[in-house]
Amino acid sequence: MGARRSQDSRAVVTGAGSGIGAAFAGELASRGGRVVCSDVDLDAAQRTVDTIAEHGGKALAVRCDVASLTDVAALADEAQSWFSAPPTVVVNNAGVGAGGTAVGVTPIGEWNQVLGINLNGVIHGCHVFVPILRAAGRGGIINVASAASFTSAPTMGPYNVSKAGVVALSETLAAEFSGTRLRVTVLCPTFVKTNILQTEHITARSSELAERMMRLTGMSPQRVARTCLDAHDRGRLYVMPQLDAKALWRTKRMNPVAFTRATGLLGRITPN
């Protein structure tokens, strides 16, 4: 596959109907790849495919609910059939935003829904696709997490836990891939200008604050995707595409206790 595994790839992207997923799909196609664009919303996936086709790329839309292992297994079958070969890059991106209520207040049903998509969805993607890549002897996995995985801001319990699990899973894969031609990258951005805030799992006041931060500091999903794919080509495990993400990561690692106390203080003075 060469040093640039994102070039001329056979790629599968979940949550490709919008946001970071659509950006990954478009960027992979622009690098000469054929892309299977999956989303729980088939119409949204098809819109991404149509955009890729308008720019001369090749893509296929497939409906997939990543919370369903059966759906993810069917996605793998359909992708391999369309490629007539195993995929070379799998982007486990599908996710949902959540926030605004404290642990003990957040309904268990919401925990289950968020973890089912954000964490189990990535687990399903790895469970299904890693054996395929191992059998092929090469390939790459990109798991989309968030800076929330290590900042652990108050009133974001389900989202924080789901993304922390994605980081832990990716680190485990990196250890298991040691000595092979397989690579894994975990993406941990802060604010990205997407539609992730348009969900019933975020309270109105939290959504308003997040939208304000997104407008002020958010990076475009296209830039995030390019940055991540370039880092994946270089074999990077962790990707923090923004300066604030890098600063938060380093600060947390240097003094986790002080960092957590500061985060808690910020949570008390920030309206939720």
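Biologist: Hi! Which residues in α4 meet which ones in α7?
Modeller: On the α4 side they are Trp-111, Val-114, Leu-115 and Asn-118, and they meet Gly-157, Pro-158, Tyr-159, Val-161, Ser-162, Lys-163 and Val-166 in α7. Contact means heavy atoms within 4.5 Å. The residues of this contact divide into seven nonpolar, three polar and one charged. Here Ala, Val, Leu, Ile, Met, Phe, Trp, Tyr, Cys and Pro count as nonpolar, Asp, Glu, Lys and Arg as charged, and the others, Gly among them, as polar.

Biologist: Before we go on, what kind of model is this?
Modeller: This is a predicted model, where local features need pLDDT of at least 70 and side-chain atom pairs count only at pLDDT 80 or more, while totals for chains, interfaces and linings use all residues. Residues are numbered from 1 along each chain as its sequence is written, and side-chain values use heavy atoms, with hydrogens and water left out.

Biologist: Good. At what angle do α4 and α7 pack?
Modeller: Helix α4 (residues 108–118) and helix α7 (residues 157–176) pack at about 25°, with their axes 9 Å apart. Axes are lines fitted to C-alpha atoms, for helices over the stretch in contact, and angles run from 0 to 180 degrees between N-to-C directions. α4 and α7 are therefore roughly parallel to each other (angles under 35 degrees).

Biologist: Changing topic: how many helices and strands are there in the protein chain?
Modeller: The protein chain has eleven helices and seven strands. These are DSSP runs, numbered from the N terminus: H or I of at least four residues for helices, E of at least two for strands.

Biologist: And which residues touch the most other members of the largest nonpolar core?
Modeller: Val-12, Val-36, Leu-75, Phe-129, Ile-141 and Cys-188 do, out of 35 residues in that core. Such a core is a set of buried Ala, Val, Leu, Ile, Met, Phe, Trp, Tyr and Cys residues joined through side-chain atoms within 4.5 Å, and buried means under 20% relative accessible area, with a 1.4 Å probe and protein chains only.

Biologist: Which helix gives the largest share of this core?
Modeller: That is α5, with seven residues.

Biologist: What does Phe-129 touch?
Modeller: Not counting residues up to four places away in sequence, Phe-129 touches Val-12, Val-72, Leu-75, Ala-76, Pro-87, Val-90 and Ile-141.

Biologist: Last one: is Thr-151 buried or exposed?
Modeller: Thr-151, in helix α6 (residues 148–151), is buried, because its relative accessible area is 15%. Leaving aside neighbours within four places in sequence, Thr-151 is in contact with Leu-248, Phe-259 and Thr-263.

How values were computed. Parallel < 35°, antiparallel > 145°, perpendicular 65-115°, else oblique. Buried < 20%, exposed > 50% of the residue type's maximum accessible area, 1.4 Å probe, protein only.
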